[in-house]
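Subject: Structure handover

Hello,

Here is the structure I promised to pass on. Please open it first, then read my notes below.

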Amino acid sequence: MYRMPKRPFAMVPLPAQRSKSKPRRSGLTMIVDQGMPLGFQADLLALAGDYADLAKIKTGTARLYPEPLLRRKLARYKRHRVQPFLGGQFHEYVFATRGARALPAFYREALRLGFEALEISDNVVPLTPRQRRAQIGAARDAGLVVYGEVGSKETLSNPKLLIAQAEDCFAAGAALVLVEAAELVERGRPNRRTLTLLVRALDMRRVMIELPGPWIPEVRKCDVEALKKLLIEELGPDVNLANLMPDELIDLETTRVGLGVAGPPKTRRGKP
């Protein structure tokens, strides 16, 4: 059985609400791998692997790796109990350029290389509800865990549409639903109305909220930090967060447990 290594400053307690051991049922953190060098990956996981649960191999970057190095990367993630998965835009590209008939071969190749999961999205290639359910079902039948993503990178959707899409993903067998970050910020500020409706309608233990990044217009780093703090303050330290930059892994965990610049949870201030 895996045991977390001894940590310094053991006299400083961490909040009981935060899930500290893996596999976590909630409080998941997903990092974005944009072509991370293997040496960087090894150092990152040695230092902070306990705080990551999933790693998205972004867009179609897997197509450009030397195969032996891709296999090494996937194997190292798995040794640290971080699940690597193919990003949804690669799936969209295959569907858009070669059609649905090419998807079974795509799934077989993913499994051959060592992937056990992938994301199915329609960020830039729209899917009908029927297509979304069919693609999720086909990937699951092929033996893959599926993460559904809902929302657009280009326009703010009606929150009710996001909820309906999420429900379609769950009905088709998606293990998790990721909410596109661009849907959650408007002119750099958190879209509180959308967040509130999502929380009311969905089981947030099965929803990952994506963090925005510089690829979204008008989003600054300070806006990303503000959204992190807002989500953790309102939904608790075990909120599921996605699209984290790898070098921010420990920093996010400090925010989850109250050791960061946001300070301790209000319920713990002034207590021994």
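Strand β1, helix α1 and strand β2 form a right-handed β-α-β unit. Keep in mind that this is a predicted model. The helix of that unit, α1, covers residues 38–48.

β1 itself takes up residues 29–33. It is mostly covered, with 5 of its 5 residues buried.

β1 has two strand partners in my notes. One is β2, residues 54–57, which pairs with β1 in the parallel sense over 4 bridges. Here methionine 30 has leucine 54 as its bridge partner. The other is β10, residues 241–244. It also runs parallel to β1, joined by 2 bridges. In that pairing, threonine 29 stands opposite leucine 241.

Next, the charged pairs. Side chains of opposite charge can pair when their charged atoms come close. How many salt bridges are there? The count comes to 21.

Start with arginine 7 and aspartate 50. Their side chains meet in a salt bridge, at 2.5 Å from N to O. Arginine 7 lies in the segment before β1, and aspartate 50 sits in the loop between α1 and β2, so the pair ties together parts 43 residues apart in sequence. Are the two partners buried or exposed? Arginine 7 is partly exposed, at 30% relative accessibility. Aspartate 50 is buried, with a relative accessible area of 11%.

Then go to helix α2, residues 67–79. Glutamate 67 forms a salt bridge with arginine 71, and their closest N and O atoms are 3.0 Å apart. The two residues are 4 apart in the helix, so about one helical turn separates them. Glutamate 67 is partly exposed at 33% relative accessibility. Arginine 71 is partly exposed, at 33%.

Arginine 192 and glutamate 234 make another salt bridge, at 2.8 Å from N to O. This pair links distant parts of the chain, 42 residues apart. Arginine 192 belongs to helix α7 (residues 192–201), and glutamate 234 to helix α8 (residues 221–235). At 48% relative accessibility, arginine 192 counts as partly exposed.

Best wishes

Conventions:
Residues numbered from 1 in each chain as written. Predicted model: local features only at pLDDT ≥ 70, side-chain atom pairs only at ≥ 80, totals over all residues. Heavy atoms only, no water. Buried < 20%, exposed > 50% of the residue type's maximum accessible area, 1.4 Å probe, protein only. Pairing = 2+ DSSP bridges. Right-handed = clockwise from strand over helix to strand, strands pointing away. Salt bridge = Lys/Arg side-chain N within 4 Å of Asp/Glu carboxyl O.
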